[in-house]
Each structure stands twice: as structure tokens, then as C-alpha cells.
Amino acid sequence: MAPLPNAELVQNSLQLYRYLLRCCKQLPEGSIRQHYRHAVRQSFKVHADEDNPERIQQIIKRAIEDADWVMNK
């Protein structure tokens, strides 16, 4: 089960970024939410120059799986 509906529709890095930030809005207020928002932003910056479509899809798949784990924790 994905943390938010329509996770399967995420196809590019910008959609993933917005999806993950929406997931963060569901977390409790405070340091936990700030931590994950910061992690999402940093990860987006680190992978901004990625141009291999296969690698991008791997990153998207892994990020959604990780978000699912965090949301179910």
C-alpha cells in the first residue's frame, strides 16, 4: 500500500518531489516532519543532474517504497 493514492502515477523527478512533500504533510508536526522535508529536499538536489532514465525510475521506485515505510512506521 502506498502512503498516498496515485503513487503509481509518479513518472519524473518533479512529480516525485511534490509527492514526497505531500507525504510529509501527513507526518506529525515538529521535528519529524522537518527532518523528512529536509531529507527530501537534499535528496532532490543530490540527484538533480541524473539523466539515465533507468536510474531515475529506480530512484522513484525506491523513494516511494521508503515513503511507504516511513508512513507505516
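K25 has its place in helix 1, and this residue is exposed, with a relative accessible area of 63%, which is over the 50% that the term requires. The model described here is a predicted one.

**Helix 1**

- Helix 1 covers residues 13-25, and at 1.5 Å a residue its 13 residues should span 18 Å, a value that agrees with the 19 Å found between its end C-alpha atoms.
- At the start of helix 1, N12 brings a side-chain oxygen to within 3.1 Å of the backbone nitrogen of L14.
- The buried residues of helix 1 are L16, Y19, L20, L21, C23 and C24, and these buried residues pack against helix 2 (31-46) and helix 3 (53-72).
- In an α-helix there are 3.6 residues a turn, so residues three or four places apart point the same way.

**Helix 1 against helix 2**

- The axes of helix 1 and helix 2 come within 9 Å and cross at roughly 175°, which makes helix 1 roughly antiparallel to helix 2, because that description applies to angles over 145 degrees.
- On the helix 1 side the residues in this contact are S13, L14, Y17, L20, L21, C24 and K25, and they meet R33, Y36, R37, V40, R41 and F44 of helix 2.
- Sorted by class, the residues in the contact of helix 1 with helix 2 are 8 nonpolar, 1 polar and 4 charged.

**Helix 1 against helix 3**

- The axes of helix 1 and helix 3 come within 11 Å and cross at roughly 5°, and the two helices are therefore roughly parallel to each other, a term that applies to angles under 35 degrees.
- Here L16, Y19, L20 and C23 of helix 1 meet I59, I60, A63, I64, A67 and M71 of helix 3.
- The class division for the contact of helix 1 with helix 3 is 10 nonpolar residues, with no polar and no charged ones.
- L20 is named in the contact with helix 2, and L20 is also named in the contact with helix 3.

**R33 in helix 2**

- R33 is placed in helix 2 and counts as buried at 18% relative accessibility, because buried means under 20%.
- The side chain of R33 reaches the backbone oxygen of L27 at 2.7 Å, and a polar atom of the R33 side chain lies 3.4 Å from the backbone oxygen of C24.
- Leaving aside residues up to four places away in sequence, R33 touches C24, K25, L27 and P28.

**Helix 3**

- Helix 3 has 20 residues and reaches 29 Å from its first C-alpha to its last, close to the 28 Å expected at 1.5 Å a residue.
- The N-terminal end of helix 3 is capped by N52, with a side-chain oxygen 3.0 Å from the backbone nitrogen of E54.
- I59, I60, A63, I64, A67, D68 and V70 are the buried residues of helix 3, and the buried residues of this helix pack against helix 1 and helix 2.

Terms used:
Residues numbered from 1 in each chain as written. Predicted model: local features only at pLDDT ≥ 70, side-chain atom pairs only at ≥ 80, totals over all residues. Heavy atoms only, no water. Helix = DSSP H or I, 4+ residues; strand = E, 2+ residues; numbered from the N terminus. Expected span 1.5 Å × (residues − 1). Buried < 20%, exposed > 50% of the residue type's maximum accessible area, 1.4 Å probe, protein only. Contact = heavy atoms within 4.5 Å. Polar contact = N/O pair within 3.5 Å; in protein donor to acceptor, adjacent residues only side chain to side chain. Axes fitted to C-alpha atoms, helices over the stretch in contact; angles between N-to-C directions. Parallel < 35°, antiparallel > 145°, perpendicular 65-115°, else oblique. Nonpolar A, V, L, I, M, F, W, Y, C, P; charged D, E, K, R; others polar.
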